[in-house]
Number of protein chains: 2
Amino acid sequence: MIVVFTGGTGGTKLVQGLQQMMAPEDSESGFARDRVKELTVIVNIGDDVEWWGLHVSPDIDSVLYGLADLLSKDRGWGVEGDSFRCLERMKQLGQPAWFSLGDLDLATHLARTALLHAGKTLSEATAELAARFGVRARVLPMSNDRVATMLDTAKGMLSFQEYFVRERHQVKVSAVRFEGAEVARPAPGVIESIEQADAIIFAPSNPVTSIGPILAVPGIRNALRRTPAPVIAVSPIVGGAAVSGPAAELMQMMGWPSTSAGVVQAYEDFLDVLVADESERSAVGSRLAAVSHTKHNSRSARVAYTNTIMRSMNDKRDLAAFVLDACAISEGAKA
Amino acid sequence: MIVVFTGGTGGTKLVQGLQQMMAPEDSESGFARDRVKELTVIVNIGDDVEWWGLHVSPDIDSVLYGLADLLSKDRGWGVEGDSFRCLERMKQLGQPAWFSLGDLDLATHLARTALLHAGKTLSEATAELAARFGVRARVLPMSNDRVATMLDTAKGMLSFQEYFVRERHQVKVSAVRFEGAEVARPAPGVIESIEQADAIIFAPSNPVTSIGPILAVPGIRNALRRTPAPVIAVSPIVGGAAVSGPAAELMQMMGWPSTSAGVVQAYEDFLDVLVADESERSAVGSRLAAVSHTKHNSRSARVAYTNTIMRSMNDKRDLAAFVLDACAISEGAKA
């Protein structure tokens, strides 16, 4: 079983690549049988938002749409070919409209909200939506309890979507906290999948606001420290900057280097291999070693460089293949 | 002030005609000034439904869309030129889909639900939507309390929408009740408008399930009996059958004749003038007199015949003009 931690749009791309590599129709993948069902994706819910009275889980939706091949290629979020008629009318009706929900996308949120109101957990609602979308991988929210990423900014305390979408992450952040995390429990299957994984992959997601909320749920970080499986992280930093979004600024705010070395620092207590972009080689090489050697005598992360920019499906597959190779190597090294 | 009681699609057509006749741009109307603001529309909420977790008020929406010139001309309900993409996706997601909500229509229900969740009453939410849609007439729900039309049928107890839309009113009804009506209070302005009206018009709506719920709210029927204003009803029955919907069957079930005479019987304790279709002249003439004379010595309804089928805006205006004339005549007769 391959377990992926993800949040945001970059992470989804790697998950798409992994699905392709683990599907039986793929002769290059080297798998003799369909392993997609052995792909477990643990998803951030810290940026979930109640919007127009509906429960929106943007990161879960990105993963579901990505795996169902419904994700908008242009936008990187929402449904390919979606329209925004309801949104336009909501604007006319004086309702908030800065968070863009398409007409097809809306159905996902209406259905999820209906399932939750009917007493289902977020896990159950996610499984139901995944099945309806024909997604075969197992998609797990990090928790069925509410965890809300809140950012202390120059414009006051903002929810993640207020910061990220409404303010286009153009306000200075002085602190991040994960409201509710301290009493949240990991969703069913999360700890078990970490314990039983053959490999654990951290997608190229923002370590602060995409992966941070997951690691803040009590029990998850400990399970990662204990697991015998190799832990591989793909750095979202390329050429000293985030591919998209505010990862670099937020990492600096945390006191970490805003390079791939900072990613190692975020995951330092459980990371085995960092997969970083070639462009990071000069900036990271020595510093990474310094960080990991100083702090962890028992576990020192190695770095493997490749192209991590995923523009095409081929890029996604190539990176997925590289990461799966790194898992095998690392597994061998550990055993 | 002209007060109209309505529910359903036929009623909306007359309300549209009245708006046109009372607008100042209308030189034929005989009104020297804009009287649209003096048009008060009291609307049935017995067929309101919670759908996908949203509060849908089909009759209020028909009136709002009708007065805002947004109503679908083909369908007679919903928004002209609407699409049904969200609905199609909801079907795929295994959610109920027999009640058709368009993508633009959806915004109305999302906005209303948000306003109600924010603590507004249905009156306030309706006024807000009306203002946003540019509706100048005053649109009042009959009550801010929940009243649900329930039908005892061959398929068990059904809500109005289950009966009307899902079962296409093809099941036999043995009884109708208005759940919650006995403890419901008229919405603010309803009783006052009946008391202060210059004329009260019952639109050509189903007397059992469109007007029945309104009359079941304690205080409304009494106010109609007491008002000095003339009360004019337009019969929804043409040539012995309802123009649309199950009015005739439901009137029979109530023990009333399924002709325009039955409409008089439904309103017998407050009606002054019935406006009926020419096609009803032979069937109704004498029986109507019999009904009203036997039961009401103090108040006997007169009948005025005209064309009541409204296909074009001209038809709507002509009928509205005829009804406004009937009001003036009746007012003169009473005074």
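1. Helix 3 of chain B is followed by Gly94(B), a residue whose phi is positive, near 80 degrees; here helices (H or I, at least four residues) and strands (E, at least two) are DSSP runs, numbered from the N terminus. The helix covers residues 85-92, and its buried residues are Arg85(B), Cys86(B), Leu87(B), Arg89(B) and Met90(B). A residue is called buried if 20 or more other C-beta atoms lie within 10 Å of its own, exposed if 12 or fewer, and partly exposed in between, with C-beta atoms placed from the backbone. These buried residues pack against helix 3 and helix 4 of chain A together with helix 4 (103-117) of chain B, where two residues are in contact if their C-beta atoms, placed from the backbone, lie within 7 Å.

2. A word on the source: this is a predicted model, in which local features need pLDDT of at least 70 and side-chain atom pairs count only at pLDDT 80 or more, while totals for chains, interfaces and linings use all residues. Residues are numbered from 1 along each chain as its sequence is written, and chains are lettered from A and ligands numbered from 1 in the order in which they are written.

3. How are the two chains related? Chain A can be laid on chain B with an RMSD of 0.0 Å by a turn of 180 degrees and a shift of 0.0 Å along the axis, and that is the relation of a two-fold axis. The copies are superposed by least squares on the C-alpha atoms of residues with pLDDT of at least 70 in both. In chain A, the C-alpha nearest the axis belongs to Asp103(A), at 3.2 Å from it. The same surface serves both copies, since 100% of the contact residues of chain A recur in chain B.

4. The contact between the chains takes 22 residues from chain A and 22 residues from chain B. On the side of chain A that touches chain B, the elements giving two or more residues are helix 3 (85-92), helix 4 (103-117) and helix 5 (122-132) of chain A, and helix 4 of chain A gives the largest share, nine residues. By class, this side has 11 nonpolar, seven polar and four charged residues; Ala, Val, Leu, Ile, Met, Phe, Trp, Tyr, Cys and Pro count as nonpolar, Asp, Glu, Lys and Arg as charged, and the others, Gly among them, as polar.

5. Turning to the fold of one chain, chain A has 13 helices and 14 strands. Its radius of gyration, taken over C-alpha atoms, is 19 Å, close to the 20 Å that the globule rule gives for 335 residues, so chain A is as compact as a globular protein of that length; the rule is 2.2 Å times the number of residues to the power 0.38. Buried residues make up 53% of the 335 residues in chain A. Among contacts in chain A between residues at least 6 apart in sequence, 70% join residues at least 24 apart.

6. After helix 2 of chain A comes Asp69(A), whose phi is positive, near 60 degrees.

7. Two loop residues also deserve a look. Arg168(A), in the loop between helix 6 (160-166) and strand 8 (173-179) of chain A, has a positive phi of about 50 degrees although it is not a glycine, and with 10 C-beta neighbours inside 10 Å it counts as exposed. Trp52(B), in the loop between strand 3 (49-51) and strand 4 (54-56) of chain B, has a phi near 55 degrees, a positive value in a residue other than glycine, and with 26 C-beta neighbours inside 10 Å it counts as buried.

8. Finally, Ala326(A) has its place in helix 13 (residues 313-334) of chain A, and with 22 C-beta neighbours inside 10 Å it counts as buried. Not counting residues up to four places away in sequence, Ala326(A) touches Ile232(A), Val273(A), Val275(A) and Ala304(A).
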